[in-house]
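Let's take a walk through a protein model together. Keep the 3D view open, and turn it as you read.

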Amino acid sequence: MSGPYSQYNKRKYSTWQTLAAYLNSEFKSKPNFTWLAGIRYSHVWINADFDTTFYPFPFDNADLNNGAFTGNIGFSWFPKADLQFTLNGATGFRAPNIDDIGKVFDSEPGSVVVPNPDLKPEYAYNAEFGVQKNFKDKLVLKGAAYYTYLIDALVRRDYLFNGEEEIIYNGELSNVQAIQNASNAYVYGLEVGLQAFLSENFSIMSNLTFTEGTEEDENGNDTPARHAPPTFADFHLVWRNQRLKADLFLNYNGEISFENLAISEINKSYIYAKDTNGNPYSPSWYTLNLRSQYQIADPLKLTFAIENFTNQRYRPYSSGITAAGINFILGASFRF
C-alpha cells in the first residue's frame, strides 16, 4: 500500500453518548461500625464514521453499544476512638471511547496504530484494606493494600490490516498495531503515610505508594503492565500561622529497570534513558519545591512558589517529555 497516509484523524463524523444511574447507601449497625454500599448502571453508545479517502480501511463505520452494572460494598470499623479499619470491594467498567477505536498514529518509528472497531469494554474487580492509627492527635499513621483484577484490558498489540502485518505509512514500511483486548491484567500495591504535628505551627506529612502490575501477552505469559506507575513518594515540611502558610516538599519517583519495562515501552526506546548495557529504562528522579501563601487582609492573598529549585532534569514515566526546570510562580487573589 502507498499514498498520503499522513492524516491523523480519519473520522468523518462520530457521536458518543452515555447514560448512568446510581444508588448509594450507608448503614450503622453499631455506633462504631458503618456499612457502605452502592450500585451503578452505565451505558455507552458510540457511532463513528471513517473517511476512506486517504486510508483504505476495510470498514467505514464502528458502532458500539455497551452497558453494565457495577457496585461496591465495604465497612468502616472503629474498635477504639483512635483506631480505624476499612475494607472495600468494588467492580469497574470502562467502555472503549472514540479515541480507542478510531485513531491512527505513529506510535514509534517503524510502527503504526490503526483503528479497531471490534473492541470490547474492560472490567475491573477491586479490593482494598486500610488501617489508620491516631496517637493523641500528635501523630497519625495510615496504610492500605489494594488489588485489581482487570478483564479484557485495553492494550496495544500487533495487528493485521487487510491481512497484512506491515504497511507503508508516511513512506516507511511499518509494523501494524491496534488497541486490543488482552486476556487479563493485575495491579496490586501498598501505600503508607504519616502526619506529625510537632508544634502548634509546624507539621510533617509524607506518603509512599508502591505499585506492581502484570498483563498477559499474546502467548499467555505474564509481562510487566504499561500503566503501573513507578514507586512514588512525597515529603512535606509545613509551617503555618494565622496569615502565613509555607510548604517545603520533595516529590520522588522511583526507577523502572529495563527488565521491568512493559514490552510496548521497550519498543519506544527513543523516549527513555540508556542503562549501562545500553538498554532503555526509566531513571528515578526527585524535585524540591516550595509553595507559600500570605493573607495580607481578609480579601487579599498572595501566593509564591518555586518548583524544582535544584533544576533537576527528568522525564515522568512513559511521557517522552522532559519536565520543566526551575520554575517561579507569583500570584494574587482578591475576593469581593
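**A walk through the model**

Apart from residues up to four places away in sequence, D152 touches K120, P121, E122, N181, A182 and S183. This is a predicted model, so treat the tour as a reading of a prediction. To find D152, look in the loop between strand 8 (139–151) and strand 9. Is D152 buried or exposed? Its relative accessibility is 17%, so D152 counts as buried, the limit for that label being under 20%.

One of the residues touched by D152 is E122, and E122 leads us to the charged pairs. Side chains of opposite charge can pair when their charged atoms come close. How many salt bridges does the structure hold? There are seven. In one of them, E122 pairs with R94, and their closest N and O atoms are 2.9 Å apart. This pair links distant parts of the chain, with E122 in strand 7 and R94 in strand 4, 28 residues apart. E122 is buried, with a relative accessible area of 12%, while R94 is partly exposed at 33%. The two also belong to a network of salt bridges that links R94, D100 and E122.

Now move along to K133. Its side chain meets that of D82 in a salt bridge, at 3.1 Å from N to O. K133 lies in strand 7 and D82 in the loop between strand 3 and strand 4, so this pair ties together parts that are 51 residues apart in sequence. K133 is partly exposed, with a relative accessible area of 24%, and D82 also counts as partly exposed, at 29% relative accessibility.

R226 is partly exposed, with a relative accessible area of 26%, whereas E265 counts as buried at 0% relative accessibility.

Next come the rings. A pair of aromatic rings is described by the distance of the centres and the angle of the planes. The structure holds 12 aromatic pairs. Why is the pair of F85 and F129 called stacked? Their ring centres are 6.2 Å apart and their planes are at 20 degrees, so the pair is stacked, since planes under 30 degrees apart count that way. F85 lies in strand 4 (residues 83–94) and F129 in strand 7 (residues 122–135), so this pair ties together parts that are 44 residues apart in sequence.

F93 and Y123 make a second example. Their ring centres are 5.5 Å apart with planes at 45 degrees, so the pair is tilted. F93 lies in strand 4 and Y123 in strand 7, so the pair ties together parts that are 30 residues apart in sequence. Y123 counts as partly exposed, at 27% relative accessibility. Elsewhere, ring pairs link F33, W35 and F75 into a cluster.

Let's turn to strand 11 (residues 172–181) and its partners. Strand 6 (residues 111–113) runs parallel to strand 11, joined by three bridges, and V113 has Q177 as its bridge partner there. Strand 9 (residues 154–158) pairs with strand 11 in the antiparallel sense over five bridges; in this pairing, R156 is partnered by I179. Strand 10 (residues 166–169) is also antiparallel to strand 11, with four bridges, and I167 stands opposite S174. Strand 10 and strand 11 form a hairpin with two residues between them, and N170 in the turn has a positive phi of about 55 degrees.

Finally, look inside. In soluble globular proteins, nonpolar side chains tend to be buried together. The largest nonpolar core has 24 residues, of which I46, F50, F57, I101 and F161 touch the most other members. Strand 2 (33–50), strand 3 (61–80), helix 1 (98–102), strand 10 and strand 11 each supply at least two residues of this core, and the largest share, four residues, comes from strand 2. A second, separate core of five residues includes I256, L261, Y272 and Y317.

Key. Residues are numbered from 1 along each chain as its sequence is written. This is a predicted model: local features need pLDDT of at least 70, side-chain atom pairs count only at pLDDT 80 or more; totals for chains, interfaces and linings use all residues. Side-chain values use heavy atoms; hydrogens and water are left out. Rings of Phe, Tyr and Trp (its six-membered ring) pair if their centres lie within 6.5 Å; planes under 30 degrees apart count as stacked, over 60 as edge-to-face and the rest as tilted. Buried means under 20% relative accessible area, exposed over 50%, partly exposed in between (1.4 Å probe, protein chains only). Two strands pair if DSSP finds at least two bridges between them. A nonpolar core is a set of buried Ala, Val, Leu, Ile, Met, Phe, Trp, Tyr and Cys residues joined through side-chain atoms within 4.5 Å. Contact means heavy atoms within 4.5 Å. A salt bridge is a side-chain nitrogen of Lys or Arg within 4 Å of a carboxyl oxygen of Asp or Glu.
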